[in-house]
Number of protein chains: 4
Amino acid sequence: MLIVMKQEATPENVSAVVRVIEELGYRAHALPGANRTAIGITGNPEPVDPGYFENLPGVADAIRVTKPYKLVSLDARPEKSVVDVGGTRIGGGELAIIAGPCAVESREQTFATAEFVAKAGCTLFRAGAYKPRTSPYSFQGLGLEGLKILAEVRDRFGLKIVTEAIDPANLEVVAEYADVLQIGARNMQNFSLLKAAGQARKPVLLKRGMAATLDELLLAAEYVMAEGNYSVILCERGVRTFADHTRNTLDVSIVPAVQRLCHLPILVDPSHAAGKRHKVVPLARAGVAVGADGVIVEVHPQPERALSDGPQALLPEMFLEMVEELRRIHAIVHQRDVALV
Amino acid sequence: MLIVMKQEATPENVSAVVRVIEELGYRAHALPGANRTAIGITGNPEPVDPGYFENLPGVADAIRVTKPYKLVSLDARPEKSVVDVGGTRIGGGELAIIAGPCAVESREQTFATAEFVAKAGCTLFRAGAYKPRTSPYSFQGLGLEGLKILAEVRDRFGLKIVTEAIDPANLEVVAEYADVLQIGARNMQNFSLLKAAGQARKPVLLKRGMAATLDELLLAAEYVMAEGNYSVILCERGVRTFADHTRNTLDVSIVPAVQRLCHLPILVDPSHAAGKRHKVVPLARAGVAVGADGVIVEVHPQPERALSDGPQALLPEMFLEMVEELRRIHAIVHQRDVALV
Amino acid sequence: MLIVMKQEATPENVSAVVRVIEELGYRAHALPGANRTAIGITGNPEPVDPGYFENLPGVADAIRVTKPYKLVSLDARPEKSVVDVGGTRIGGGELAIIAGPCAVESREQTFATAEFVAKAGCTLFRAGAYKPRTSPYSFQGLGLEGLKILAEVRDRFGLKIVTEAIDPANLEVVAEYADVLQIGARNMQNFSLLKAAGQARKPVLLKRGMAATLDELLLAAEYVMAEGNYSVILCERGVRTFADHTRNTLDVSIVPAVQRLCHLPILVDPSHAAGKRHKVVPLARAGVAVGADGVIVEVHPQPERALSDGPQALLPEMFLEMVEELRRIHAIVHQRDVALV
Amino acid sequence: MLIVMKQEATPENVSAVVRVIEELGYRAHALPGANRTAIGITGNPEPVDPGYFENLPGVADAIRVTKPYKLVSLDARPEKSVVDVGGTRIGGGELAIIAGPCAVESREQTFATAEFVAKAGCTLFRAGAYKPRTSPYSFQGLGLEGLKILAEVRDRFGLKIVTEAIDPANLEVVAEYADVLQIGARNMQNFSLLKAAGQARKPVLLKRGMAATLDELLLAAEYVMAEGNYSVILCERGVRTFADHTRNTLDVSIVPAVQRLCHLPILVDPSHAAGKRHKVVPLARAGVAVGADGVIVEVHPQPERALSDGPQALLPEMFLEMVEELRRIHAIVHQRDVALV
């Protein structure tokens, strides 16, 4: 059930609706938009009687939701959401570029990478302190020490930190240091982790699972929103197919598919899809051209020395050229004058 | 590194090797076999010098492991492992049949199902108390109350309980009630959960992820074993493909592929693959015929009333016929005389 | 449109309906069954008015077909079809075993293989004279010379010949020599070839394409039947998935899915799916256990010398053991007494 | 074997090498490049002795080919090939846009579509006269009548005609009317058709099969080239995956993968991948952004009346906007000044 408020509804009108929902024992999710506020109801085991709301002041409509998801849907919020990360806006016609090494390996490597990311004019830095690795014997990240290095990077370069949380207990620790909590592809249906992320008060970057359908991706985001955290950024990073010329098949078509149903911003991760450096830039261009709100890419000052995923990390100069190309393509897609960018 | 002991090595010889490994700061995993014991070493950041072991009494060989996994491998244990669940053996030429409803829905439904599972001569009962569901708005299981009902089922019918754990904190609770800890397909690469399962002292049933390769499945099992829990049962439950005539494509070919590399038993779950009742029995037969050590299937006394996955649950009479067919096929695969079964 | 005749309808009644259909300018396909004959109509650009038929003598019903296929459907023929190949029945509760080398390489190799196939009590021999190969530089088969060797095999050992046709012109030549015309997976949607096969008067073995859905497979068979050839045998041979432990993923679940919709017999080809000999026997067992009407397998007296697909060819003794196992499993699936087999 | 000629080699030197190859009974394929000519040898059952060539005048090197393909490879021709279609160049830094309806349905519809394709400044027109359809009961194209309409379109609008051939006999007819012979995805491994296309003297547009690997695509092109037709254009049109939000998953990553190995131009077909109009433009942009040499798209003046694939056909105004966007993105990818385009 979605309660759609009239354009002229007052904050008091909204509060009154929320109060009724809570008195019924359910949870209210007020989602303010440019023209009107919608209030989603969750926690109701049975359909809610619209009669409770129809005559309340300021209520325009009470809509039965027929899709499997509610809060992520354009029905709940017809305008696209913009996620604010300490002043950097993700979505809303901006081009977000999140860059950094696969993992925090040392203070030196992390600072060196952060330096050229900042110089390229980017404001969002990615690096893993906790690494979910296929093998128990692979480097699992520096852990808390890594988080502390990332906090230093924020202080030193003014970059906002995007880093991964791997279980509910760990998420609490990561949330103390990170600006954006990343949930990796392998954890897209780790529902305990999604609920914990929903209870955190930091934006969440949610990567599509390697075999996740569109509905499953949207419902994973719904798990986060249903807990009250509405700052969710989706991310396509390649899916498993028979194709053997690429590590994962970047499914750019999910971007317009998401945008037709859902108000959340969506990024593309060309690095994990490509697996090889020479394909990263073309795939990043494809991601922005298809309409994504930005990219998340791996860069490394000395990829041949990286402890994980070195072959897919961009070299500094490739990264700078890519950023320039992406900005020009983004301008075309968003039909602004290149001269004004 | 694997230290292979001579056939005539004494327990003291094994202990001495373990001691050296631990003094080096690593972890020793003694895997006794029919003819010899092998001792796996984990926790070593660098290759270990075989010189530490070669001259110890009882040591036959120190083998460098070149595959990505060590403890799950036939190199570590050339005989197939048998997992003992309170007297029922999984693997080792036995046919394991784990049956029960998708979820514990009520005491009545659970008892009714348990009764005919027990009557069919089965000793292993499956039912979820914690259900990982694609939607946050779907029934999520009865939780602790469900576990308590399962404990009653064990007391009343003598069935051993197989039930799912969904995160590390939850696993501790589940381990108090369950005989086998199930890790679901969506959590196959939830490495925190795998580590927690490795620290538990209960057997683990590990389902293959929907897009997991053979190596990824074996490495997920390796995560559990590397923590010291060697009672792991693998399970194929269907993978994601383009095919739209089935919910998931049951990949029976992974059974001989696993058996060629790994000593752990492997089951097949035809219910989640099929999605529809009429395909469950044929797929169960295929699973046993391809060589699996058994099946895990969903049964329900009144599937039309099930809160989850009703359409795939077998009716009692179908289940009984299936068990009979599976026993006869299993006997052929294992080349015993049907007359003796 | 399907015209279903009454059980007591006479051949004259059937002829009268066929005549009306042909006078309308359409094609009539009379499909006699155990209890009644159905007459499928094809070639009609628009739906046919049932009024033309409803009052003809012997007509029970005129049914509008809503599925995309007509003639392959159980609506057209509720009993399973049996394809007769010179006395050997495929379908109808029989276990068909088609065996032979990948390709005819020489008279000696073909005769040696045929000899042990015949000794195993099999009556159907497979071998390619025209080989569709991924590379233009691979061995493309002996062509006409190969067909002549196959004709000799038939004369010498009494085996029926199953061999592939690769284009419409070629099919005419192959049809002169073969008992069953094979259409390979890569040609499953080579519609010109399917039409040519429909005009031939020999049974057709149609392999599922590597990415074909159930509907596409059935519609490919419909192409053959729509041309008047009703002797079609389907064959699952593995599909393309992400799985890297097998050449193709044998999708055993398509067998019960086909059987629920379609009256044609269906075989399983474990050799092309497995790619490796040690998986062929387990997959063949799975195919028979899931309910397939038989298997088509590659055998070779000296696989290490084979010009194509040697690693997947069974050795003679493996083949003999497999045949014995398959017969016993088939007996269980078809619920006959093992003692009587 | 590839014979690489010196930069200063004369035409007589090349002819002499060709003569030696032919005297050995093999086929010579002279592939002239910007800086040197390479001569591929095919038809040799065994490796060729380089000694035959090393001392001939003008020969720089005789290279053993280790990849499965020879003539498509950058080893044979280090510069990208440009396919000339009556003055329009495909490849070589040009942006090719091939547009038109799925099928020729009538003279009126075809002319109406051709008119706005020509007005948009495009010179390549696509439309099917022979349609490979999944169902035998679907519209199969106007056949020869359709080809004649297409010939009229060429005369009237100066557009070059791209149209599909479906079997070897049909290809001869199509080649009389078409400027480019299209081979559809379902026929990518119809080797008889590929050989026929290789013997034609018209450029070939070869679509990637729905489950074709990179190697299989390149080897299909090799089939055409090995017959002496070196004007081959590749095309990605989406592959089969589990994803259900799109008809096929457009695999943009194959574009840079092809370009790293092969000198042939490659296009992207967003229409068949998308299945729905609103995704066609974003996917076309992604295709050009990833580096493709152009796109092939379906347009229709009245898509709601189309006999096939209406929902994916672009409306005229959407097409015009798309062309403009694609030109600007192409300019960025090829690093020319937008102002100069």
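**Packing around a helix**

In this predicted model, the cover over the buried residues of α7(B) includes α6 (214–226), β12 (232–236), β13 (266–268) and α9 (277–290) of chain B, together with α9 (277–290) of chain C.

- Helix α7 of chain B spans residues 254–261, and its buried residues are Ile254(B), Val255(B), Pro256(B), Ala257(B) and Val258(B).

**Symmetry of chains A and D**

- Chain A is superposed on chain D by a rotation of 180 degrees with 0.0 Å of shift along the axis, at an RMSD of 0.0 Å. This is the relation of a two-fold axis.
- Within chain A, Ala286(A) has the C-alpha nearest the axis, at 2.0 Å from it.
- Both copies use the same surface, since 100% of the contact residues of chain A recur in chain D.

**Salt bridges**

- Over all chains, the whole structure holds 36 salt bridges.
- Asp75(A) pairs with Lys67(A), with the closest N and O atoms 3.3 Å apart. Asp75(A) is partly exposed, at 39% relative accessible area, and Lys67(A) is partly exposed as well, at 31%.
- Glu236(B) and Arg208(B) form a salt bridge whose closest N and O atoms are 2.8 Å apart. This pair links distant parts of the chain, 28 residues apart: Glu236(B) lies in strand β12, and Arg208(B) in the loop between β11 and α6. Both residues are buried.
- Asp269(C) forms a salt bridge with Lys207(C), the closest N and O atoms being 2.6 Å apart. The two are 62 residues apart, with Asp269(C) in the loop between β13 and α8 and Lys207(C) in strand β11 of chain C.

Methods: Residues numbered from 1 in each chain as written. Chains lettered and ligands numbered in written order. Predicted model: local features only at pLDDT ≥ 70, side-chain atom pairs only at ≥ 80, totals over all residues. Heavy atoms only, no water. Least-squares fit on C-alpha atoms with pLDDT ≥ 70 in both. Contact = heavy atoms within 4.5 Å. Buried < 20%, exposed > 50% of the residue type's maximum accessible area, 1.4 Å probe, protein only. Helix = DSSP H or I, 4+ residues; strand = E, 2+ residues; numbered from the N terminus. Salt bridge = Lys/Arg side-chain N within 4 Å of Asp/Glu carboxyl O.
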